[in-house]
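Have the model open beside the text. We start at a single residue and then move along the chain to a helix.

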Amino acid sequence: MDKLLFGDNQFFGVNHMSEEKARQQQIRFQRDDAVIDVLVEAYEERVTTFMCTTHERIGNVASYFRENMDQYPDLTFFPGMPYAHKYANAVTTDGMLGALGKFLPSSGRVDAAMRGASSLMSKDITAMVTMLIDAEMKMFEGLSTPVIWLQNVVADLLLGLGFDEAFTIFADHVRSKYNAEPGFITMNLPMLAPVLERLSIPSPLICSNINKLGFRMPGGIGQYQRTLESHDFRPVAMSVYASGAIPPDEAIQWVCEQPNIESIVFGASSRRNIRGTKELVDKYWSE
């Protein structure tokens, strides 16, 4: 897996420190070609992995790169699912079954629909979860997706409910059907890591906030560092700049010094910032 992954928060107006900056970014990237232009710039700077949500507009972005694969042969997607707002809106307008049908994969639509109806009647959780994964993966057909993430909105809900079986269902289906590594995004690394270890999910990828300020890191930096050192998983660090509160050089150097970090995911909206982060990671990870 690449040391540096390119995220998509900036494309959809997500900024945890400034509502004004988030609004400006949302306006700038309201057109798909603006998103694609930045992804092309990242690719040209040799940042070739796009870690993204399954927002409806990502489908348009994926279609562009699918149609132009010969120009971007090394581009890979790391989808993160589910995109909760998409489902909430669909359920509101189309109802539960209508929402599921709207996102079913193009192949096996009837089979998937039958599995969905059966799941609702029998409460067959495994069939329901696997069908939803297949629905989310529809937009990435034909593209390289070596890692598939479970978004924190669901991962942390399952963790809080103690529904550990769902993690195993997700991991098994991602591996068996898509030949991909399962990843788990969380806002509580110290709580999730031992659960996945107990479930015997081998060396899972876990993405969480890891930064020098302890920004959005429940339990504090010390607890996170102990978790990094004591559990068998592959950490991916996000929010390394603490939404701009830490100078770039200082932020990247600190993260690269932490034990066992597998990758860093970051967002940027300009070639200069992409290049700057790439140069810092190359500098501190090579030492």
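Leaving aside its neighbours within four places in sequence, which residues is Ile 246 in contact with? This is a predicted model, so the answer is a computed one. Ile 246 is in contact with Asn 211, Lys 212, Leu 213, Val 240, Tyr 241 and Ala 251. Take Asn 211 from that list. Asn 211 lies 35 residues from Ile 246 in sequence. In space, their C-alpha atoms are 8.6 Å apart. Ile 246 sits in the loop between strand S7 (234-238) and H11. The relative accessible area of Ile 246 is 4%. The cut-off for buried is under 20%, so Ile 246 counts as buried.

Now widen the view. The protein has 12 helices and 8 strands. Of its 287 residues, 49% count as buried. Consider the contacts between residues at least 6 apart in sequence: 74% of them join residues at least 24 apart.

Next comes helix H12, residues 271-285. How far apart are its end C-alpha atoms? They are 21 Å apart. At 1.5 Å a residue, the 15 residues of H12 should span 21 Å, so the two values agree.

Which residues of H12 are buried? They are Ile 274, Thr 277, Lys 278, Leu 280, Val 281, Tyr 284 and Trp 285. These residues cover an arc of only 165° around the axis, which puts them on the same side of H12. An α-helix has 3.6 residues a turn, so residues three or four places apart point the same way. On the other side of H12, Arg 272 and Glu 279 are exposed.

What do the buried residues of H12 pack against? Their partners are strand S1 (4-6), helix H2 (32-44), helix H11 (248-257) and strand S8 (263-266).

Follow H11 from that list. The axes of H11 and H12 come within 9 Å and cross at roughly 40°. That angle makes H11 oblique to H12. The crossing of H11 past H12 is right-handed. On the H11 side, the residues that meet H12 are Pro 248, Asp 249, Ile 252, Gln 253 and Cys 256. On the H12 side, the residues are Thr 277, Leu 280, Val 281, Lys 283, Tyr 284 and Trp 285. Among these, Thr 277, Leu 280, Val 281, Tyr 284 and Trp 285 are buried residues of H12.

Technical notes
Residues are numbered from 1 along each chain as its sequence is written. This is a predicted model: local features need pLDDT of at least 70, side-chain atom pairs count only at pLDDT 80 or more; totals for chains, interfaces and linings use all residues. Side-chain values use heavy atoms; hydrogens and water are left out. Helices (H or I, at least four residues) and strands (E, at least two) are DSSP runs, numbered from the N terminus. The expected span of a helix is 1.5 Å times one less than its number of residues. Buried means under 20% relative accessible area, exposed over 50%, partly exposed in between (1.4 Å probe, protein chains only). The arc is that of the directions from the helix axis to the C-beta atoms. Contact means heavy atoms within 4.5 Å. Axes are lines fitted to C-alpha atoms, for helices over the stretch in contact, and angles run from 0 to 180 degrees between N-to-C directions. Angles under 35 degrees count as roughly parallel, over 145 as roughly antiparallel, 65 to 115 as roughly perpendicular and the rest as oblique. A crossing is left-handed if the near helix is turned anticlockwise from the far one by less than a right angle, and right-handed if clockwise.
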